[in-house]
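Here's a quick briefing to read with the model open. Have a look at the structure first, then work through the points below.

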Protein chains: 2
Amino acid sequence: MTNLRIPGPTPCPPEVLEAMGRQMINHRGAEFQRMVLDVTDKLKKLFLTKNDVFLLTGSGTGGLEAAVVNSFSPGDKVLAVSIGVFGDRLATIARTYGADVTVIKSEWGKAADTKLIKAALDKDPAIKAVMVTHNETSTGVTNDLTTIAQTVKPYDKLFIVDAISSIGSIELPVDEWGVDVMVTGSQKSWMVPPGMAMVAISEKGWKANAAAKIPRFYWDFGKAKKYFEKGGQTPWTPAVSIVFALNVALDMMLKEGLPNIQARHHKLGKMTRDGVKALGLKLFADEAHASDTVTAILGTDGLDAKLLNKVMRDEYDIVLSGGQMELEGKIFRIGHLGWVNEKDIKAVLDALKTALPKAGFKKA
Amino acid sequence: MTNLRIPGPTPCPPEVLEAMGRQMINHRGAEFQRMVLDVTDKLKKLFLTKNDVFLLTGSGTGGLEAAVVNSFSPGDKVLAVSIGVFGDRLATIARTYGADVTVIKSEWGKAADTKLIKAALDKDPAIKAVMVTHNETSTGVTNDLTTIAQTVKPYDKLFIVDAISSIGSIELPVDEWGVDVMVTGSQKSWMVPPGMAMVAISEKGWKANAAAKIPRFYWDFGKAKKYFEKGGQTPWTPAVSIVFALNVALDMMLKEGLPNIQARHHKLGKMTRDGVKALGLKLFADEAHASDTVTAILGTDGLDAKLLNKVMRDEYDIVLSGGQMELEGKIFRIGHLGWVNEKDIKAVLDALKTALPKAGFKKA
């Protein structure tokens, strides 16, 4: 079987795939509504939140758009903390809908500098919200979200977190860290195919929602809440199969236990980093903030990163990711989130040993 | 097996469910891109169009929102032809995003009056677009779209059609009838679970898109085109499983042949209507415009429509739909679109014979 080692979609366990293949039922019927309620409860346990949680049919980017259009009015000042492609995307979405966005950028591969966040908030008290990417898939960096949360807290801003590729696998207690709008996606830690974004909204998030004047319909949290309160409905026909699959995958996650899942990801992240360094490769990310869900590796010492991915795919049946935007051709990435174990990572490291020289790497 | 007779999600053939259960692959890899190109080509054959066709991860309502935000600027005058819940929804979406919407309403159960459309277009030459629901699921009525298209044509307006529950099962040659923006959804004629909207955009649709100032990001047709032209990519991670399933379902549809599929739906629609009338029931829809994909039936002669659906579900394992909005409790609906045959409809009619008296129906 192909070893799919990209940062999403992640491979799905057989039980989850079996659930994906279940026959359709009435999405307005009692069985499905009960399942929506169950899935929502299970998500709350794994998000560590008592906030409202909704299932939105769409990609993770749809969830980010939902966070923006439900929280802002045109002209609202927003501080966007970007450390890569996905941080830039969130800033662009907010700007697209008329927010007045100030972006704090870090050099790619580095985490956000909390001092710069503090300075920006001190400088402009009119800033209404802070938006942060928890785990930046494009660079393999995880922001120090607990410190960022502590930094933002005294300023009483709306705190929006793109947790698409973190929550579940990487620690993020939504309530404890004061996250007002949290967004994740089914194809990441949740071991389920893509097609569903999941969001959590705090009381402060609802206050922002009530004041927010950006027009919204499909992504409107208010409509999601109204239908959810009918006993587990969604305003529009949802991706029924993804709900079936989530229901099964969340049981597996609750059985493994959140601390164990996160320990597994930390161990596999470290195993990946240590393994590639032992092969003479260089990490793209600052190791102090390296992600436990995806590792980005530089194309140094003659290594053609694109050729490497081709060799790995064609000769070893291992699928890795390349670099995005400015990083295209310069890095390659190994995904290790969701349904992944030591054997999967060992197979990648073993294959790299013989594949690297075939892709021009001179140091091996 | 449950006989799921609602107007979507429709039951899926075993081959389609098997495809839904396929393991994930890289959505930026060659195999998946080739499949997106194939699925798009097959959809063009069934839409009878040479226009651009895109897959948007989301519900059908997301596709309608995409049609609106890609076509209009705030203040644009739009004529919305509504004959029920979904026509009203499309008008509401356009109004939400700032369009100046005039609604032509018909009494529910009746088709749109083309004379009123002509009169509205004569009265206000500033109207930029006409939006029509082809098949109104809430009332079981199919508009006479070819006559509406002929009526609109000389006025050279942007012609937007909600074909979510029609195209495929009911005749709608997109190019021949001059549809500029067409929207459908995976869980209707396509025999695939919900989670994907499919749209077709004409040259005139692209001109409107270039002028349209409503902010858009997730649903932006321009981004869909840019990524599609990279060789079959989507801007955001798509619902991969739905693409697998569509690929299989579209082959089945091309094998059956579009005229045969439509003839089957017409035959089953007529069989349903004749059958319920023979039981003494009254159609809600004007029979001259009754839908071949869903039949709405009045709760007359003592019939408690809600109780009937409960009896049918609990005692016969047949799932029907109720009425929506003002029609809740007043009608029940039988879906007959997608993967449906004579045996499925005969089972419904046979069960109704004994179920109707249990739900208060006095005439049987």
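H4(B) is followed by B:Gly98, whose phi is positive, near 100°. Helices (H or I, at least four residues) and strands (E, at least two) are DSSP runs, numbered from the N terminus. This is a predicted model, in which local features need pLDDT of at least 70 and side-chain atom pairs count only at pLDDT 80 or more, while totals for chains, interfaces and linings use all residues. Residues are numbered from 1 along each chain as its sequence is written, with chains lettered from A and ligands numbered from 1 in the order in which they are written.

**Helix H4 of chain B**
- This helix covers residues 85–96, and its end C-alpha atoms are 16 Å apart, which agrees with the 16 Å that its twelve residues should span at 1.5 Å a residue (the expected span is 1.5 Å times one less than the number of residues).
- Buried residues in H4(B) are B:Phe86, B:Gly87, B:Arg89, B:Leu90, B:Ala91, B:Ile93 and B:Ala94. Buried here takes 20 or more other C-beta atoms within 10 Å of the residue's own, exposed takes 12 or fewer, and partly exposed is in between, with C-beta atoms placed from the backbone.
- The cover over those buried residues includes helix H3 (60–69), strand E3 (77–82) and strand E4 (100–105) of chain B. Contact means C-beta atoms, placed from the backbone, within 7 Å.

**Helix H11 of chain A**
- H11(A), residues 305–316, also has twelve residues and reaches 16 Å from its first C-alpha to its last, close to the 16 Å expected.
- Its buried residues are A:Ala305, A:Leu308, A:Asn309, A:Val311 and A:Met312.
- Down the axis of H11(A), these fall within an arc of 160°, so they line one face of the helix (the arc is that of the directions from the helix axis to the C-beta atoms).
- A:Asp314 and A:Glu315 are exposed on the other side of H11(A).
- Among the elements covering the buried residues of H11(A) are strand E14 (331–335) and helix H12 (342–358) of chain A.
- Just after H11(A), A:Asp317 has a positive phi of about 55°.

**How the chains meet**
- Chain A and chain B each put 43 residues into the contact.
- H3(A) gives the largest share of chain A's side, four residues.

How values were computed: Two residues are in contact if their C-beta atoms, placed from the backbone, lie within 7 Å.
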